[in-house]
Amino acid sequence: MKKRYWFLLALSSVLVIVFAACSNSTSNNEGEENKNDADTKETAEGEIKEDGTLTYAVDQAPEGLFIDGFAGSAIDSEIMDFIHEDLVTVNADMEYEPNLAEWETEDNKEFTFTLKEGVKWHNGEELTMEDWEFALEVIAHPDYEGPRFNYVKEIDGAEEYREGEADSISGFEIKDPYTAVVTFKEAKVNNLGNLWTTPMPKKELEDIPVADMESAEEVRENPVGMGPFKVKEVVQGEYVRLERFDDYWQGKPKLAEVLIKVVDPSLTLGALQNGEIDIMEVRPDDIAELEGLDHIRVEEQKGLGYSYVAFRFGHYDQDKGQAVADFDKYANKKLRQAMFYALDRESLIDSYLAGKGTIVNTPIPSVHWIAADESELTQYDFDPEKAKKLLDDAGYKDTNDDGYREDPDGEEFVVKFSHYAGPSAFEGRAQAIMQNWEDVGLKTELATGQLIEFNTYNEMKENDDKNIEVFFGAWVVGSDPDPSGLWHSTAEWNYGRWVNEESDKLLDEGLSKASFDEEYRANVYVEWQKLFNEELPALPLWENIDLYGMNNHLEGVTIDPNGLRNFHEWYVTE
């Protein structure tokens with residue numbers, strides 16, 4: 001399973017998961033002994049189609065970067081899960097475990113990895129440690145502009161390689177084709193989880209300059225992986241057609257072909273109804289209608305995602321790798337707290353998520369063992385009168401009787417809110433949030449006058465576009481509870497550019513040697529959540545529930561908190 005963080009936060013600790021209904025939605029009733037038998041012809045559900053095809057839908061166009069290490073889009077990640085394979089994985093109990101490689105360490109600083117032998121790339125080449133070394137050197141290369149260097153930088157010598165001061169990464173040493181030693185700069189509790197463990201096909205990419213890789217057809221049109229399916233055809237913005245990889249290391253996949261199709265959000269419900277789509281992640285407002293269809297089932301899984309509204313405080317200095325707080329429009333903490341009290345989150349969940357969400361006041365999902373108990377946090381329950389008082393106290397008052405509050409200097413104050421485009425519910429949700437703020441006297445406008453196309457929206461956040469001031473976001477965390485990747489002042493994904501010395505200190509302490517003690521680490525992160533809950537660099541809205549609509553002829557599907565799994569075991573019946 002890829003590091004599904006959208007994107008960070010890796011793995012190291014065992015978590016106790018509270019599953020929603022259908023927490024392990026494995027529809028294959030054949031029994032464990034037949035689980036990987038691709039020659040099985042019949043199940044309790046019906047006869048397997050040996051040449052079965054599957055249509056998997058996404059409702060946003062991918063960026064079109066299909067080699068791990070370049071993509072920053074969750075949609076691209078969904079597609080790559082069919083194509084690529086990681087050296088390590090995380091199981092349904094959120095435990096870190098071997099996939100293509102095993103490892104051992106005595107000090108959490110030096111790790112010895114051993115590859116499985118005989119694993120084949122789609123081009124027939126065998127996977128070796130040179131492919132992993134190549135991936136690390138691409139991501140650490142001075143010309144690399146992708147978003148994954150944070151997974152490499154803690155290896156000894158990686159920073160020097162990136163600065164052009166070394167010809168190789170000294171902390172990665174190949175002992176033989178199947179064995180390598182990785183040495184980190186220092187022992188950290190989550191070194192293993194924060195290590196990039198997805199190889200790249202060296203033979204396919206080594207002759208392409210790193211600066212040109214993102215635009216190369218070997219990345220966009222003909223990517224080579226070693227997953228259960230290989231790319232047959234890519235039509236950018238429309239679909240990706242995959243075909244079975246017969247030499248897949250876990251056995252011949254049961255499906256012959258997978259068509260990953262981009263479907264307009266307004267058409268997805270009808271496409272599921274008509275049998276044009278076999279599986280896709282669905283919106284909560286689709287559930288009632290889908291549950292009335294005999295040939296469709298809806299699977300629910302408590303996942304690792306949450307939604308929030310964030311504020312922009314500055315910009316990101318790429319050269320220094322540091323957020324700079326130089327935009328103070330939303331610097332007043334009482335303003336941010338008032339905007340939180342003004343939000344009727346329960347109504348938003350009922351109206352736009354069909355009740356499929358849980359109100360939270362922390363950016364740590366409740367499944368994590370470090371999640372602060374809500375009793376330790378301020379509960380920002382819907383309270384417009386409290387919001388108004390906070391605004392009054394902060395000096396935001398209507399001084400010209402136009403019905404809207406001016407800022408403490410008596411100047412016009414307009415909340416510029418941004419939200420990405422999608423299903424019709426997104427427009428309604430955005431308008432409802434804006435209306436909540438208007439109801440307490442804060443004039444609010446859509447920053448660009450309309451919802452913004454998804455990929456453009458991400459680019460605007462990355463580039464600190466001045467239109468992005470208050471913005472809606474959604475995040476899926478990984479297994480390790482460390483929130484640094486989204487909230488540390490050095491993190492590129494800290495799109496609000498929040499800079500807080502106490503926050504950075506606590507986040508760093510959560511990765512210190514003292515935090516090898518799990519109880520100590522948990523306490524550090526609880527203190528960080530209390531700080532976040534007070535300062536509110538963002539407003540946590542709700543935890544999401546992952547929802548999937550599936551045609552009943554699709555079987556063998558496994559879902560856990562990490563998402564969809566075991567694609568080689570999926571099959572369709574007659």
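**Strands and helix pairs in a predicted model**

Student: Is strand S7 largely enclosed or left open, and how many of its residues are buried?
Tutor: Strands (E, at least two residues) and helices (H or I, at least four) are DSSP runs, numbered from the N terminus. Buried means under 20% relative accessible area, exposed over 50%, and partly exposed in between, with a 1.4 Å probe and protein chains only. S7 covers residues 179-183 and is largely enclosed by the rest of the structure, because its buried residues number 4 of the 5.

Student: What kind of model is this?
Tutor: Residues are numbered from 1 along each chain as its sequence is written, and side-chain values use heavy atoms, without hydrogens and water. Local features need pLDDT of at least 70, side-chain atom pairs count only at pLDDT 80 or more, totals for chains, interfaces and linings use all residues, and the model is predicted.

Student: Which residue of S7 is the bridge partner of Glu110?
Tutor: Two strands pair if DSSP finds at least two bridges between them. Strand S5 (residues 110-115) runs antiparallel to S7, joined by 5 bridges. Glu110 has as its partner in S7 Thr183.

Student: What is the relative accessible area of Lys443?
Tutor: Lys443 lies in strand S17 (residues 443-446). Contact means heavy atoms within 4.5 Å. Beyond its neighbours within four places in sequence, Lys443 is in contact with residues including Tyr404, Glu412 and Phe413. Lys443 is partly exposed, at 25%.

Student: How do H14 and H15 run relative to each other?
Tutor: Axes are lines fitted to C-alpha atoms, for helices over the stretch in contact, with angles from 0 to 180 degrees between N-to-C directions. Angles under 35 degrees count as roughly parallel, over 145 as roughly antiparallel, 65 to 115 as roughly perpendicular and the rest as oblique. The axes of H14 (residues 501-509) and H15 (residues 518-535) come within 9 Å and cross at roughly 160°. H14 and H15 are therefore roughly antiparallel.

Student: At what angle do the axes of H8 and H10 cross?
Tutor: H8 covers residues 333-341 and H10 covers residues 384-393. Their axes come within 8 Å and cross at roughly 165°.
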